[in-house]
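Here is a walk through one protein model, taken a step at a time. Keep the structure in view as you read.

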Amino acid sequence: MFAYTIEILRPAIAAVLKEESSSESFTWLVALPVPPQNITRDFSFASRKFSKQRPASSSAPHIYLAEKFQRTHWHSWTILDLARLYLLLQLNAANEQEYTTTIESVFNQADLGELTILYKALPYFAYGKAWESRCAEGIRSNMGTVLEAIMYENSYPSVHLPEAAWNQLILKAIFTGKDLGRIYGLEERNNAALAASLLDYAEERLAAGRNIDAAVWPLTKVFYPEKTGVLQQRFLQEK
Amino acid sequence: MCCGSKAIENRGALPETIDNELLKGMLFFDPHVHMTSRTTDDYQAMADAGIVALIEPSFWLGQPRTNAGTFKDYYSSLLGWERFRSGQFGIKHYCTIGLNSREANNEALAEEVMALLPKFIYKEGVVGIGEIGFDDQTTLEEKYYRLQLELAKEAALPVQVHTPHRDKKKGTQRSMDIAVEQGLDPSMVIIDHNNEETVEEVLNRGFWAAFTIYPFTKMGNERMVEIVKKYGAERIMVNSAADWGISDPLAVPKTALLMKQKGISDAVVKAVTYSNAITAFGQSGQIDTADFENGFMINQSEKFENNSVLRGGQQPRIDKSSIIIK
């Protein structure tokens, strides 16, 4: 159901929250019924209870969390983000259909901040396979914050996305000027179709008299070393 | 012959263009503007003129919606896409959520929309229930106005009240009477679209009085200057209500300039074009002026490693004077 040990993550997050929020807010959160009865409302309401500051990364609970779940860049999560993840972790995951329908309904009426944390939380949802199309949908977004939530230090896409959706993610990241260095799985998921698309894109850029992110060359070189070399030269000459 | 308004019709002596020099250092908050209907050019012009934050009330989209799903998506877009779009131009976007008076007349639909509202009003940046109130002043409009006042009370949110175009004075009085009957504190209620006829009673009864500077159909800003001269700054605020009609998203800065030209003090100008709106809607607990008063920082919650120099994501500017488009 879960691809990690939720029994470790849940208390680890609670420990950070206990340290970082008022006792009134923390009590509100942990006193909510389990599973949450009104997740869409409480997910929003949490913003009135928890701060958008980052937790102190030097505290013992935060260090523990970062050590146990190293694939997530917890330093970029706010206290509110953690509280919302905590709420999501309280959902009853026994029935896949009910569980995914509930989370989808939260997605469907989320505001900008909520969307961002929902996508950041993808690796921690049960039934990993079930979120492929949701993740692909997020990649179609034009909201930079949403794209970054999926692309940066998020282990979901490289593990679960089918090749076509993965390639869209990389192409979109380049097209929107994202830092490829923060995307997990760049090398492992590299493929010939992606490399061919990137070379086409490079030619387009060249024709338009525009530059290109040099991070594409290591991806194309694996499959098309010669063409990559030629194009790199042409970009240099254009300068 | 009446009413002294001839004098302000004499436009000869007034500036005809915005002088950006005079706007330097001034900040504006437009507490009523429908950005969904506006272009990127408007956002850029607003940012250039010093508008640092705005409130987008939910309203009627020009034709009646036929199902609750379109309301849900509309509310989501105010909280998601439009908030993001505004941020790209350096303007902090807030909104009010509500069922507008026109569409309150479709009872079956209104019931479904009422069921949606509690799922949206607790979201971040929702600074009130609005815009609600009367249009035709029907029984159904009253029913949903009352229900939404109850909701506002329960959520401890301010209310942004739209007053009707037709039979305005009576509609405004009735809106206030009902708010008091429902047990709302007038200090939590912003009565919008006032004019010379309504302002006195609104202020005397302790409500906030908002004025919409909207060409031809609502207030002109020369009239606004006279109102501020007469009533001062307390509990008065100016907005543009710019939407899909012929309206002006720069109405707030333009009115500020005109007030300055007419000798109104900087403190008063600031109160009616910036701080009063923040005080009134800030009662929601959702406005933190640090988010915009020193320049809006896009994407604050996503800062990497607390790197505060990150101002990325703002839209690149195009050179509009050039016929070449790169």
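Phe29(B) stands opposite Ala53(B) in strand β2(B). Strands, like helices, are DSSP runs numbered from the N terminus (E, at least two residues, for strands; H or I, at least four, for helices). Strand β1 (residues 28-30) of chain B runs parallel to β2(B), and 3 bridges join them. Two strands pair if DSSP finds at least two bridges between them. Strand β2 covers residues 51-57 of chain B, and 7 of its 7 residues are buried. Buried means under 20% relative accessible area, exposed over 50%, partly exposed in between (1.4 Å probe, protein chains only).

This is a predicted model: local features need pLDDT of at least 70, side-chain atom pairs count only at pLDDT 80 or more, and totals for chains, interfaces and linings use all residues. Residues are numbered from 1 along each chain as its sequence is written, chains are lettered from A and ligands numbered from 1 in the order in which they are written, and side-chain values use heavy atoms, leaving out hydrogens and water.

Now turn to the cores. A nonpolar core is a set of buried Ala, Val, Leu, Ile, Met, Phe, Trp, Tyr and Cys residues joined through side-chain atoms within 4.5 Å. The largest has 161 residues, and Ile13(A), Leu17(A), Trp74(A) and Phe125(A) touch the most other members. Helix α5 (residues 79-89) of chain A gives the most to this core, with 9 residues. A second, separate core has 17 residues, including Phe29(B) and Trp208(B).

Finally, look at two helices. The axes of α6 (residues 107-116) and α7 (residues 139-155), both of chain B, come within 11 Å and cross at roughly 5°. Axes are lines fitted to C-alpha atoms, for helices over the stretch in contact (heavy atoms within 4.5 Å), and angles run from 0 to 180 degrees between N-to-C directions. So α6(B) is roughly parallel to α7(B), a label for angles under 35 degrees.

Terms used. Parallel < 35°, antiparallel > 145°, perpendicular 65-115°, else oblique.
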